[in-house]
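I open this notebook to record what I looked up in the structure shown below. The entries follow the order of my reading.

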2 protein chains.
Amino acid sequence: MKERIISGNRRALARAITLVESVRDDHQQQAQALLSDLLPETGKSVRIGISGTPGVGKSTFIEAFGKFLTAQGHKVAVLTIDPSSKRTGGSILGDKTRMEELSRDPNAFIRPSPSGGSLGGVARRTREVMLLCEAAGYDVILIETVGVGQSETTVADMVDIFMLLLAPAGGDELQGIKRGVMELADIIVINKADGDLIPVARRAASEYRGAVSLMRPKSKHWKPKVLMTSALEKAGIDTLWETIGEYREARSADEELTRQREEQAAAWMWAELGDTLMNRLKSHEQVSVALPRMEADVKAGLISPTAAAQQLLAIFLEK
Amino acid sequence: MKERIISGNRRALARAITLVESVRDDHQQQAQALLSDLLPETGKSVRIGISGTPGVGKSTFIEAFGKFLTAQGHKVAVLTIDPSSKRTGGSILGDKTRMEELSRDPNAFIRPSPSGGSLGGVARRTREVMLLCEAAGYDVILIETVGVGQSETTVADMVDIFMLLLAPAGGDELQGIKRGVMELADIIVINKADGDLIPVARRAASEYRGAVSLMRPKSKHWKPKVLMTSALEKAGIDTLWETIGEYREARSADEELTRQREEQAAAWMWAELGDTLMNRLKSHEQVSVALPRMEADVKAGLISPTAAAQQLLAIFLEK
């Protein structure tokens, strides 16, 4: 399987992803063995996170951006993180429909969000799918998030560069975006800058430039930039790609980007440790028997949360 | 010790808090035994969270609010959550100085943030100190947070009502507050509404009312309210206390508040389980030997984060 993935066989890649996303123990073991084998082939892509609230034209943007990249000879994988998604036939179809051209492009690979589970679980599988895509030769990975709650932070923690897509609107709308998300952005893109909206987009861009200039930059070598694009008219995409190039060059100083990836990998290991430990605890036979009663007693104030935790831990670590 | 705490002996309370905050194993055991004993005496207070950025006059506000409450016959405990604080003689003195009158009030008890440690650790100790204060008869607990990062969420997760203190300023300043924090607030208080600032405070109040009306309320029975106070002139405090009463009454419908406390207790148990498990893992002898090497290999891309986590877990759960 390893060789076929590396040679770029799409069916082998799809099968590997199925393994990674499976909850069956034997599948997980195979998946982990495969990932270990493929590890030397990973890491050679530009990892780009894209966030934006519904209505900013994210799908059209990703389609235009993706087509631009494949036309330049890149291989592009589009992954989505949406912990709320219940993947069904319909939603896979949905992803293909909303990026119709790109989904037919032989140099593009579109994969919807793994279904269900906690954000931690969804994130882990997405990270692993990203590694598989890299091993399969995709050199630009776009990780899209739907912009609910914590998922932006999660995406920012697995990419090299985080882009925030905004609608051309200023003033009051500025309040609509969570400030924390603005602070994650390395590049802010005002999309839909076309036709009548061009003046509004310009005004918005200048407002966001003002807002961004007040924030402390994440990097010593990069100040967040605000750009305008029209996915509809395919305008501004080339400048955006150039800016991503400048970003990568700027942040190669002091090996900032390399260190960011190292820290991300370590954080991933810790998250994995935490999640797996808690899952083991919950599925431990005696613990899972004691848990419902214990939780009820805690809620009823019959036992303190700390004491309950200590008792459960004692059961778990006994043997 | 139990009886002396219940009878309201301040020295016994202080000694119990020292036990709770100690990192010594034997102290922790004594603390947990004591808390279990006292559990039936806890839960009878109004738990109020207060957040606000520096400069809004939080100390003056808490002093005025606290004095108002003790004058009405209440016993008030003021606790602080600040994970960045390194408690020293100076900072205790600091807390007493900044609330000079209240700290001399026999019906008030002021306790600065436990020193150092993770936010999780600081939060646990603060929760336990809150229970001790309740057992000692304090019927209003004010938990103040300094407004950095995650500490607001942490405080909101341990109180009945969360108040956000704001300076009288509108327009641009609206952007300065993290939207996530605004969304936590059950009551927004525009402080310093005195003298020349009254018109500004009025305008700010009306702007925040507009902002708040756009947010989805946390409760079915309560929409966040915006009030004005002047801690300096002790104005608006009575209305605030009345509003807190209305809040409690409104949220008694469907036993919302009771259920909130139940969920908070359960979440505390889970947080405790997670923290303690990870601490056990890190301090496990063979794990702590393997960890630095493993983390370095993960960063260097020699082993996948998941594989590393699995190996460390295998070591930890072996025996």
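**Entry 1: salt bridges overall.** I count as a salt bridge a side-chain nitrogen of Lys or Arg within 4 Å of a carboxyl oxygen of Asp or Glu. With that rule, I searched the whole structure and found 27 salt bridges over all chains.

I note the ground rules here: this is a predicted model, in which local features need pLDDT of at least 70 and side-chain atom pairs count only at pLDDT 80 or more, while totals for chains, interfaces and linings use all residues. Residues are numbered from 1 along each chain as its sequence is written, chains are lettered from A and ligands numbered from 1 in the order in which they are written, and side-chain values use heavy atoms, with hydrogens and water left out.

**Entry 2: two salt bridges within chain A.** I looked up R111(A) and found a salt bridge to E21(A), with the closest N and O atoms 3.3 Å apart. R111(A) belongs to strand β3 (residues 108–111) and E21(A) to helix α2 (residues 10–21), both of chain A, so the pair ties together parts that are 90 residues apart in sequence. I take helices (H or I, at least four residues) and strands (E, at least two) as DSSP runs, numbered from the N terminus. For accessibility, I use buried for under 20% relative accessible area, exposed for over 50% and partly exposed in between (1.4 Å probe, protein chains only). R111(A) is buried at 13%, and E21(A) is buried at 14%.

I then turned to K220(A), which forms a salt bridge with D254(A), the closest N and O atoms being 3.4 Å apart. K220(A) sits in the loop between α10 and β7 of chain A, and D254(A) in the loop between α11 (237–250) and α12 (256–283) of chain A, so this pair ties together parts that are 34 residues apart in sequence. K220(A) is exposed, with a relative accessible area of 70%, whereas D254(A) is partly exposed at 39%.

Entry 3: E128(B) is buried at 1% relative accessibility, and R124(B) is buried at 19%.

**Entry 4: S219(A).** Where is S219(A) found? I located S219(A) in the loop between α10 (198–213) and β7 (225–228) of chain A. Is S219(A) buried or exposed? With a relative accessible area of 8%, S219(A) is buried. I define contact as heavy atoms within 4.5 Å. Not counting residues up to four places away in sequence, S219(A) touches R251(A) and E256(A).

For polar contacts, I require a pair of N or O atoms within 3.5 Å; within protein, one must be able to donate a hydrogen and the other to accept it, and residues adjacent in sequence count only if both atoms are side-chain atoms. The side chains of S219(A) and E256(A) are joined by a polar contact of 2.7 Å. The side chain of S219(A) also reaches the backbone nitrogen of H221(A) at 2.7 Å.

**Entry 5: T145(A).** I placed T145(A) in strand β4 (residues 140–145) of chain A. T145(A) is buried, at 0% relative accessibility. Leaving aside neighbours within four places in sequence, T145(A) is in contact with several residues, among them I50(A), K58(A), I81(A) and E152(A).

**Entry 6: the two chains.** I superposed the copies by least squares on the C-alpha atoms of residues with pLDDT of at least 70 in both. Chain B can be laid on chain A with an RMSD of 0.2 Å by a turn of 179° and a shift of 0.0 Å along the axis. The two copies are thus related as by a two-fold rotation axis.

The contact takes 44 residues from chain B and 44 residues from chain A. Of the interface residues of chain B, 100% are also interface residues in chain A, so the copies meet through the same surface. Between chain B and chain A I counted 2 salt bridges. K299(B) forms a salt bridge with E263(A), the closest N and O atoms being 3.3 Å apart. On the side of chain B that touches chain A, α12(B) gives the most, with 16 residues.
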